Amino acid sequence: MERSIYAESFALDVTAKDRLDTRRKIKYESELDKTFSNRIAESAHGEQLFGCIQCGTCSAACPVSHYMDYTPRKIIQMVREGFKEEVLKSSTVWLCASCYACTVECPKGIKITDVMYALKREAISGNYYPKNAPASILANNFFKQVLNNGRNSEGPLLMKMYLKTNPFMLLKNMMLGIKLFTRGRISMKTEKIRDKKALKKLLNSVESKKKILSAGKPADVKEAAV
Ligand code: SF4
Ligand code: SF4
């Protein structure tokens, strides 16, 4: 049986305290999800995804790639190969700070940041995301706040994140929180836009536009890109 080329690459386990573990994964072609890359490409302005030349510029530009279990370059290649579970369970998508450095620098015009967003959505809808990890809790609650109120409220957002992850951190950072609060740098108020109905209307029209666009797309984006 044929082996996927990427499956033989290495990943460094940076969570080990006093040493670096090298993990090696071998997967057979039949175990890969070949529809995964098309799905991600479709929801992240796609076809360019298949034009990646693996130059590594994105990984070099990324300020947090040292902390990721797979660098952005590897993630792009793994998406293309169909390593769905590994990608969706990785810390990479949750550590991405959406700074767009990779997208700006990519010589092939690949919208890597949008790929990361598409992966986040896929991880949430497929229940792959680490439910107790601060980054995913923060992202989820941020999304809910903006969806419901049209604005982000930093104070309540941080409070929720600490309570759901590590309440002791709330105690540890209490003095800092009080300082920020008394100087007016953070508020516990839930911010809302005035016209929430208009926001709902806007979001509904984006959603229906997306449905119309995806209905009109060719079944295989990869083929369309060639
Ligand atoms: S910078 Fe662009 S072309 Fe280069 S590895 Fe990253 S995604 Fe691929
Ligand atoms: S957008 Fe995300 S992946 Fe790209 S450089 Fe910034 S942190 Fe790294």
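**Ligand 1.** I looked up the surroundings of ligand 1 in this predicted model and found 14 residues around it, the closest being Cys52, Cys55, Thr57, Cys58 and Cys106; a residue is taken as near a molecule if its C-beta atom, placed from the backbone, lies within 6 Å of it. Helices α2 (57-61) and α3 (72-81) each give at least two residues to this shell, where helices are DSSP runs of H or I of at least four residues, strands are E runs of at least two, and both are numbered from the N terminus. By residue class, I noted nine nonpolar, three polar and two charged in the shell around ligand 1, with Ala, Val, Leu, Ile, Met, Phe, Trp, Tyr, Cys and Pro counted as nonpolar, Asp, Glu, Lys and Arg as charged, and the others, Gly among them, as polar.

**Conventions.** I number residues from 1 along each chain as its sequence is written, and chains are lettered from A and ligands numbered from 1 in the order in which they are written. As the model is predicted, local features need pLDDT of at least 70 and side-chain atom pairs count only at pLDDT 80 or more, while totals for chains, interfaces and linings use all residues.

**Ligand 2.** I found 14 residues surrounding ligand 2, with Cys62, Cys96, Cys99, Ala101 and Cys102 the closest. The elements that give two or more residues to this shell are α6 (101-105) and α7 (112-125), and the largest share, three residues, is that of α7. The shell around ligand 2 holds 12 nonpolar residues, two polar and no charged.

**Helix α8.** I checked the length of α8 (residues 134-149): at 1.5 Å a residue its 16 residues should span 22 Å, and the end C-alpha atoms are 22 Å apart, which agrees; the expected span is 1.5 Å times one less than the number of residues. Ser136, Ile137, Ala139 and Gln145 are buried in α8, and what covers them includes α5 (92-95), α7 and α9 (154-165). After α8 comes glycine 150, with a positive phi near 80 degrees.

**Serine 136.** I asked why serine 136 counts as buried. It has 20 C-beta neighbours inside 10 Å, and the cut-offs are 20 or more other C-beta atoms within 10 Å for buried, 12 or fewer for exposed, and in between for partly exposed, with C-beta atoms placed from the backbone. Leaving out residues up to four places away in sequence, serine 136 touches Trp94, Tyr129, Pro130 and Lys131, contact being C-beta atoms, placed from the backbone, within 7 Å.

Technical notes: Two residues are in contact if their C-beta atoms, placed from the backbone, lie within 7 Å.
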